[in-house]
Amino acid sequence: MDVQKLMKQRKSARNYLDKPVSRADIEKLIKSAGMAPSAINLQPWEYVVTYGEEKDRLVRRLKKVHAIKNTSCGPGTSAPLPEKFANRSRGALKVMKPKIEKPGMPFNRFIEEGSCSFYGAPVAIIVVMDKIFPELRYLDVGLSVSYLFLAAEEMGLSTCPIGLVTEYGDDILDALNISRDKKVLLAIALGYADETALENNFKPDRAPLNEILTWYE
Ligand SMILES: Cc1cc2nc3c(=O)[nH]c(=O)nc-3n(C[C@H](O)[C@H](O)[C@H](O)COP(=O)(O)O)c2cc1C
């Protein structure tokens, strides 16, 4: 499928079918992620894949730590967001809330508990990078993750990037016996989306070109 189409089609999925993803498909995905460019070809990304009982164990641990620490989704900035960015976030909430909020399930709870359980996806991928690298190398990892998302889309698989659980990075490292020399940068829910679910039936708008592009002629 052409890349433009894949980029338009991809959206975060927050409700998954109870259908396993084959190991061969997961390997194909990670191979695609590994094709991304990186500074001096360092390829600083690492992917830890969990499914089955291991994933369930990780979910139990995340839910437990979340019940104590109660981290909520936010921009991660210390100062208040400038209006331009705050507007984008408000715009996303406007399309998301009506599809997600239900009696007895406030939006924030759905996102927080859903994130901690990878929205019921059969596979959870933990993206880590060696701590020896500076923050600038996050960019390389982000490029690789984008490759993974588009490859998944092409294979009929859905994903949801999950940053919330990075707050519990050390718990994830411990639960999966990953060295503390690594930093958890992102988690990814992976599986086959339930396309009939309301939670999967929206895509937040993107900023107009003039907000993200500057010409100097
Ligand atoms: C780095 C990063 C962290 C994110 N963290 C979460 C998260 O913790 N929980 C969640 O439900 N969605 C999370 N998202 C998904 C965003 O909400 C989503 O990408 C955005 O609203 C745009 O929607 P789309 O992916 O459907 O195009 C995250 C996305 C990124 C790129």
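Trainee: What radius of gyration does the protein have, and what would a compact globule have?
Mentor: This is a predicted model, and the protein in it has a radius of gyration of 18 Å, which agrees with the value near 17 Å that a compact globule with 217 residues would have. Along its principal axes, the C-alpha trace spans about 50 × 50 × 40 Å.

Trainee: How many helices and strands are there?
Mentor: There are eight helices and four strands, and from the N terminus on, the elements follow the order α-α-β-α-α-α-β-α-β-α-β-α.

Trainee: Okay, and which strands are joined to strand 2?
Mentor: Strand 1, which covers residues 45-51, is joined to strand 2 by seven bridges, and the two run antiparallel. Strand 4 is joined to strand 2 by eight bridges, and that pair also runs antiparallel.

Trainee: Which residues face each other there?
Mentor: To take one from each pairing, tyrosine 47 has valine 127 in strand 2 as its bridge partner, while isoleucine 125 stands opposite isoleucine 188 in strand 4.

Trainee: Is strand 2 mostly covered or mostly uncovered?
Mentor: Strand 2, residues 123-130, is mostly covered, with seven of its eight residues buried. For the protein as a whole, 25% of the 217 residues count as buried.

Trainee: Switching topic, what surrounds the ligand?
Mentor: The ligand is surrounded by 15 residues, and the closest of them are Lys11, Ser12, Pro161, Gly163 and Leu164. Helix 5 (107-116) and strand 3 (158-162) are the elements that give two or more residues to this shell, and strand 3 gives the most, with three residues.

Trainee: What classes do those shell residues fall into?
Mentor: The shell has nine nonpolar residues, together with three polar and three charged ones.

Trainee: One more: where is alanine 193, and why does it count as buried?
Mentor: Alanine 193 lies in the loop between strand 4 (182-191) and helix 8 (209-212). It counts as buried because 23 other C-beta atoms lie within 10 Å, and the cut-off for buried is 20 or more.

Trainee: What does alanine 193 touch, leaving out residues up to four places away in sequence?
Mentor: With those left out, alanine 193 touches Ala13, Asn15, Tyr16, Ser158 and Asn200. Alanine 13 is 180 residues apart from alanine 193 in sequence, yet their C-alpha atoms are 6.1 Å apart in space. Across the protein, among contacts between residues at least 6 apart in sequence, 86% join residues at least 24 apart.

Terms used:
Residues are numbered from 1 along each chain as its sequence is written. This is a predicted model: local features need pLDDT of at least 70, side-chain atom pairs count only at pLDDT 80 or more; totals for chains, interfaces and linings use all residues. The radius of gyration is taken over C-alpha atoms; the globule rule is 2.2 Å times the number of residues to the power 0.38. A residue is buried if 20 or more other C-beta atoms lie within 10 Å of its own, exposed if 12 or fewer, and partly exposed in between; C-beta atoms are placed from the backbone. Two residues are in contact if their C-beta atoms, placed from the backbone, lie within 7 Å. A residue is near a molecule or strand if its C-beta atom, placed from the backbone, lies within 6 Å of it. Ala, Val, Leu, Ile, Met, Phe, Trp, Tyr, Cys and Pro count as nonpolar, Asp, Glu, Lys and Arg as charged, and the others, Gly among them, as polar. Two strands pair if DSSP finds at least two bridges between them.
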